[in-house]
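Hi,

Here is the structure I promised to pass on. My notes on its aromatic rings follow below.

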Amino acid sequence: MDCMRVVAFFCIIIYHFFVHLNINGSYAPRDYYIITGSTNMHMATMAVGVFFMLSGFGLMLSTKDKFDLKGYYYSRVTKILLPFWITYAYVFVCRAVACKGWPLGFVSKKTFIFTLFGMDEWISMLGMPTTTLGIGEWFLGNLMVLYLIFPLLRCALLKHPKITCFIAFVVYAGLSVNYYLMYTIEVHMNPILKGFEFFLGMCLALTYERINKKIGYVCLAGIIFCRVSTIDIIIPMGFKITIVSLMVFLLFLSLSDVFEKHKKVNGVVKFIAGYTYDIYLVHHVIIVMNADKYMGIYLETYQVMFIALIDAVEILIAVIALRLVTKQITGSIEKALAK
């Protein structure tokens with residue numbers, strides 16, 4: 001799971017890095033296909049699908065035998081929302097100083113309530129201007145909604161697994177088939193479709209031990225085909241994203257014995273995986289900020305590599321600072337609650 005998380009996250013970071021340089025007219029890779037993918041398998045949307053499955057899988061695996069509702073929501077606040085609030089506050093202050101005032105234009109301050117719950121850009125994506133700073137993005141908003149309803153999904157899946165799975169699939173399939181008749185939001189951002197991938201992760205947490213590991217060979221063949229084939233598979237895009245993400249997920253599951261044999265490598269991967277959320281919060285802001293400095297200026301490959309190094313160093317510094325501040329505040333909260 002840790003290796004899958006790290007690999008998926010690097011796919012997203014690399015995509016964000018090159019796509020912003022390309023948007024700004026600074027650099028376009030000779031083979032952009034390497035960064036994005038084919039019509040059957042986009043690297044970033046695949047990685048996002050894997051992340052939603054991982055979230056559902058991890059939560060269900062850790063709570064399938066025992067569930068503490070109070071502890072669950074406390075953990076969401078301290079581990080998810082608190083780091084987001086800290087990051088948001090820092091970026092807000094920097095932009096306020098830069099523009100010498102309210103940095104969010106004419107957006108109503110009343111929408112700040114969505115920011116408190118990490119849903120600002122998710123709500124903005126649905127058509128309502130919010131106080132988003134491009135930190136929480138749409139991903140965190142979708143995830144927060146799923147975290148909120150997870151106790152209900154968990155209860156339904158454990159008590160009525162067949163009915164719950166049937167209803168979830170019918171809703172997902174119906175939306176995917178008729179997607180562009182109902183939504184203008186990009187299909188890979190839709191909360192219901194991402195919710196189904198989250199739900200798939202929950203189902204896998206209950207069944208993964210019974211999965212034949214030879215399925216990994218089938219999944220690997222399917223991934224290679226989707227990645228290199230010039231044949232466009234004629235199925236809804238929502239299906240493509242979910243199927244490819246599921247194949248990647250199952251491939252890593254089938255390799256679990258291989259990963260377990262390499263203790264030292266696992267230790268390094270687990271360490272990096274523990275910081276993926278902190279990296280998620282800061283990487284986009286830093287990548288965009290540095291890419292904007294070169295807007296309209298064409299860069300050579302060696303210059304792009306230098307910018308990537310600068311991004312990596314700044315992200316590392318920001319992640320360390322964010323983790324230290326979060327740990328300090330969490331410690332203070334726990335001391336206060338202990339009293």
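Tyr172 is buried, with a relative accessibility of 4% (buried is under 20% relative accessible area, exposed over 50%, partly exposed in between, with a 1.4 Å probe and protein chains only). This is a predicted model, where local features need pLDDT of at least 70 and side-chain atom pairs count only at pLDDT 80 or more, while totals for chains, interfaces and linings use all residues. Residues are numbered from 1 along each chain as its sequence is written, and side-chain values use heavy atoms, leaving out hydrogens and water.

For ring pairs, I took Phe, Tyr and Trp (its six-membered ring) with centres within 6.5 Å; planes under 30 degrees apart are stacked, over 60 edge-to-face, and the rest tilted. That gives 23 aromatic pairs. Phe169 and Phe196 make a tilted pair, because their planes stand at 55°, with the centres 6.3 Å apart. Phe169 belongs to helix α7 (residues 161–177) and Phe196 to helix α9 (residues 191–207), so this pair ties together parts 27 residues apart in sequence. Helices here are DSSP runs (H or I, at least four residues), numbered from the N terminus. Phe169 is partly exposed at 46%, whereas Phe196 is buried at 9%.

Phe196 also pairs with Tyr172, this time stacked: 4.0 Å between centres and 10° between planes. Tyr172 sits in helix α7 and Phe196 in helix α9, 24 residues apart.

Elsewhere, ring pairs join Phe9, Phe51, Phe52, Trp138, Phe139, Tyr277 and Tyr280 into a cluster.

Best wishes

Key
Helices (H or I, at least four residues) and strands (E, at least two) are DSSP runs, numbered from the N terminus.
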